[in-house]
Amino acid sequence: MEKYQMMDFNPSLPKIWLIVFLLMILLILGFQLFLIFKSADQSPKKWVRSILNILFSFFLICYLLQPVWESDQGSDPVLVYSKDVPSSQIKRLRDSLGIRKTLSVEDYQGKGNPVYLVGNRYSNIELNRLNGKNVNLVKVEEGLFPEYLHWKGIVRKGEMQLVTGLLSTGKKSLLELKIQDQVLASDSIEANQESFNLRFPVQVTGRNEVNLFLNDSLIAGINFFAVPPIPKTYQLRFSFPNPEQRNLNRYLEEKGEKVDERIQVSRASQIQSSDEDLDSLKVLIADLNQLKSRSVRAELANGTTGVLMINSGNPESDVRELNELFKTDFEIKRSGTEEWRELESGIEALPYTFEAKKGQKMLFENSVAVQDLGTMKVGMSLISQTFPIYLSGDTAVYSKIWDEILGELIPDQLSNWSYDAPLFSDQIGTLEYNGAENEDGFSLIGSDTIYFQKDLVNPFTQVSRFSLAESGWASLSDSVEVYLYGDEELETVRNSKNMADFLRGNNSNEAMEKLNSEKGKISDWVWLGLFLLFSGLLWLEPRLNY
């Protein structure tokens, strides 16, 4: 049973026009009453006519003011579903939840609370019917497609791209990211596992279109844009020449990277392949003896952003000394009695593994650890040697190993433009600009103009919330593009995002205040009936003899 609590008014006219019409009605009513009571007629007609005019004016004023009232919502829950949900599943859910009333979203008229909403496939118009209701989402199987995906829409070449998502398969499965036949990253997920993470170094400048496969079946396209990298210099510092350092140097130079190599063969002499003072990010790769040397310690204070220690001779003591040098907290444990530990990728590592800790990234089955210290990243590798892979001609595997390690040592290089992908057409997205060049506060994206607002904390950061109808690649500036997914792309992810945005807004403080009450109003048909009735009575009254 509904309990009425409070009355309010919800006029459809602007305030100024409402006041004008109300004054006109009161003036006309006052003039009519003046004429009625001024007449010499002393019969009951005078009072009947006055009452009819007053009631007609009263109902006309009420119609203009549109009175509404709040009442406690009925406590009967309702199960609402979309047309694509099978009837057998609806019956099972109704029985398991103990709900008697079930309606399709097309037939739902706002009665019943709470609302149990089945699935994610609803348009914005359908979801608007549920505003102010206590909505409980009932998930259904979406098939072998992800319900959530996230990655960076704009990155720099050489940076590590991270694709995260949620996917229910019901069995052990293999996820792979591929460009054509090349596997960039893979992850084996268990039957009861939903989340996954896929990391890979970005190798191509410009448009990147990567495919996500589940057990060799294409389930999603991952599109992003890569801008050119910030120049880097790799500083190789070793106490003696060795094939690992020599082949790494060759590989980096073949990639077009700048390499500064120095081999300290004795206290008085060294082998040096470059003496340029390069104005770029500096990544230092060295053995422990060189890291402890005075010359290398001086170089560290000169803008080095990443350090990697390799060629460990005694891992247990080397870890302790590395921690003392850089105030890191790496910790290892022995994994067996063998001399070497073979990894899945086929490379050999020392028989130790790093203990996973907060703030540290683990690579290659915990054989490489990288810790972010804020001003620089410090890493240590227990991999014994990778040069045999390079010499065998398998440069793809060698490149994958070193690109992943070096990608973790490079600091996050913010592009001027950034956004969280995926972006969908006809949905609100957020684009961020970091820099001082966008002084106008707007930018063209495709054929549309979007406007930015400055961040209150950082004046060099500008943010735009926008929605575009177009899909596909759209130019953002002379050298950057964004990708907007259309209606038929990543459909399950789009539906989940749409639902999440609705629930977030519906569960805001303002909406929560309305959950326990709903507004009622007098039907327009009632108003029409009252106007016809009293118009008829006002017309009929003078013609009656009483």
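**Salt bridges and rings in a predicted model**

Modeller: W527 is buried, and F531 is buried too. Keep in mind that this is a predicted model.

Colleague: What makes W527 and F531 a stacked pair?

Modeller: Their ring centres lie 6.4 Å apart, with 25 degrees between the planes.

Colleague: How are W527 and F531 placed in helix α13?

Modeller: They are four residues apart in that helix (residues 524-540), which means about one helical turn separates them.

Colleague: Why is the pair of Y390 and Y398 called tilted?

Modeller: The ring centres are 4.9 Å apart and the planes meet at 55 degrees. Stacked needs under 30 degrees and edge-to-face over 60, so this pair counts as tilted.

Colleague: Are Y390 and Y398 buried or exposed?

Modeller: Y390 has 9% relative accessibility, and Y398 has 0%. Buried means under 20%, so both labels read "buried".

Colleague: Let's turn to charges. How do you know that R199 and E408 form a salt bridge?

Modeller: Their closest N and O atoms are 2.3 Å apart. The cut-off is within 4 Å, so the pair qualifies. R199 sits in strand β12 (residues 195-201) and E408 in helix α10 (residues 395-409), so this pair links distant parts of the chain, 209 residues apart.

Colleague: What makes R237 and E299 a salt bridge?

Modeller: The closest N and O atoms are 2.8 Å apart, and the limit is within 4 Å, so they count. R237 lies in strand β15 (residues 232-238) and E299 in helix α7 (residues 294-300), so the bridge ties together parts 62 residues apart in sequence.

Colleague: Which residues are linked with R237 and E299 in a network of salt bridges?

Modeller: D260 and R262 belong to that network as well.

Colleague: How do you know that the charged end of K178 sits over the ring of F213?

Modeller: It is 5.0 Å from the ring centre.

Technical notes: Residues are numbered from 1 along each chain as its sequence is written. This is a predicted model: local features need pLDDT of at least 70, side-chain atom pairs count only at pLDDT 80 or more; totals for chains, interfaces and linings use all residues. Side-chain values use heavy atoms; hydrogens and water are left out. A salt bridge is a side-chain nitrogen of Lys or Arg within 4 Å of a carboxyl oxygen of Asp or Glu. Helices (H or I, at least four residues) and strands (E, at least two) are DSSP runs, numbered from the N terminus. Rings of Phe, Tyr and Trp (its six-membered ring) pair if their centres lie within 6.5 Å; planes under 30 degrees apart count as stacked, over 60 as edge-to-face and the rest as tilted. Buried means under 20% relative accessible area, exposed over 50%, partly exposed in between (1.4 Å probe, protein chains only). A charge sits over a ring if NZ of Lys or CZ of Arg is within 6 Å of the ring centre and within 35 degrees of the ring normal.
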